[in-house]
Amino acid sequence: YAPNHLVRAAEAGLLSPYKSPDLAFVVTWVIPDHILRVAGEGGWLGSSPRYELRDGVPRFTGSFDDYRYSHPVESLRHLASEVFPFLKPVGRSQQDQVDLFVALLVRLQSLVREQFGVPLVVVSSWAGEDDASSIIGTAPGKLRAAGLRVIRVNDVTSGYDVSKLLIPHNGHPSAFQHELIARELHRVILGPGAGGKTSIQ
């Protein structure tokens, strides 16, 4: 659902079965909504892993539900924000969420290198990227500044009709869009002489 889930899975050793000498890189796909998800802003995220930044490092603290049970004021704010969305964190809190989001992906990159010995590649569907007036819009640039490899979906899908790129009445990327991204990953990371083929039509 978001980087906090992947980081916790890696920390808990749940990704170990995927180790392979044939592994070339690890990919995660990020969207702006992940900024809210790493902060637990969603009624379905209660059991998700919660992290907080301590000296710039994300530290696991348990689940969001566990935290709210022991912090009643935060619990009330969260419940109220489910009814009144304007109560969701804004301003400085939004900046804190972006910082946590970036720190989690930096942590994930370190875990991927330690456990698999390969790079992490971030695929980014980010409307408003590099918009200086938007706190959330700064996230992809911060990822690049932190040394992560980021591939912009818009650069890969430009020129294609949106009806081919999204699942109808769903909004998630279609198989066609996934294959476009796969071909770009192959080209950028492995290089044109790495073998294999794609079947873009």
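Predicted model: local features only at pLDDT ≥ 70, side-chain atom pairs only at ≥ 80, totals over all residues.

Colleague: How do you know how many helices and strands the protein chain has?

Modeller: We count DSSP runs: a helix is H or I over at least four residues, a strand is E over at least two, and both are numbered from the N terminus. That gives the protein chain nine helices and five strands. Along the sequence they read α-β-α-β-β-α-α-α-β-α-β-α-α-α.

Colleague: What makes β1 and β4 a pair?

Modeller: Two strands pair if DSSP finds at least two bridges between them. β1 and β4 (residues 120-124) run parallel and are joined by five bridges, so they pass that rule. One of the bridges links V30 to S124 in β4.

Colleague: Which strands stand at the edges of that sheet, and why?

Modeller: The sheet is open, with three strands in the order β1-β4-β5 and parallel pairing. β1 (26-30) and β5 (149-152) each have a single partner strand, so one side of each has no neighbour in the sheet. On average, neighbouring strands here are turned by 25 degrees against each other, direction ignored; the axes behind such angles are lines fitted to C-alpha atoms, for helices over the stretch in contact, and angles run from 0 to 180 degrees between N-to-C directions.

Colleague: What about β2 and β3: how many bridges join them?

Modeller: β2 (residues 49-54) and β3 (residues 57-63) share six bridges and run antiparallel. R54 stands opposite V57 in β3. The two strands make a hairpin with two residues between them, and D55 in that turn has a positive phi of about 55 degrees.

Colleague: Why is V30 called buried?

Modeller: Buried means under 20% relative accessible area, exposed means over 50%, and partly exposed is in between (1.4 Å probe, protein chains only). V30 lies in strand β1 and has a relative accessible area of 1%, so it counts as buried. Its contacts (heavy atoms within 4.5 Å) include F101, L105 and V122. V30 and L105 are 75 residues apart in sequence, yet their C-alpha atoms are 9.9 Å apart.

Colleague: And what makes R37 and G62 buried?

Modeller: It's that rule again. R37, in helix α2 (residues 34-37), has 16%, so it counts as buried; among the residues it touches are Y1, W44 and F64. G62, in strand β3, has 12% and is therefore buried as well. G62 touches S48, P49 and R50, leaving aside residues up to four places away in sequence.

Colleague: What makes something a nonpolar core, and which residues touch the most other members of the largest one?

Modeller: A nonpolar core is a set of buried Ala, Val, Leu, Ile, Met, Phe, Trp, Tyr and Cys residues joined through side-chain atoms within 4.5 Å. The largest one here has 27 residues, and F101, L105, V122 and L143 touch the most other members. Two or more residues each come from α1 (3-11), α5 (92-116), β4 and α6 (139-145). α5 gives the most, with 10 residues. Apart from this core lies another, of 11 residues, including I151 and L180. In soluble globular proteins, nonpolar side chains tend to be buried together.

Colleague: Last one: how do you know that the length of α9 agrees with what a helix should span?

Modeller: The expected span is 1.5 Å times one less than the number of residues. The 16 residues of α9 (residues 175-190) should span 22 Å, and the end C-alpha atoms are 21 Å apart, so the two agree. Its buried residues include F176, L180 and E184, and they pack against β1, β4, β5, α7 (153-157) and α8 (162-165). Just after α9, G191 has a positive phi of about 90 degrees.

Definitions and conventions. Residues numbered from 1 in each chain as written. Heavy atoms only, no water.
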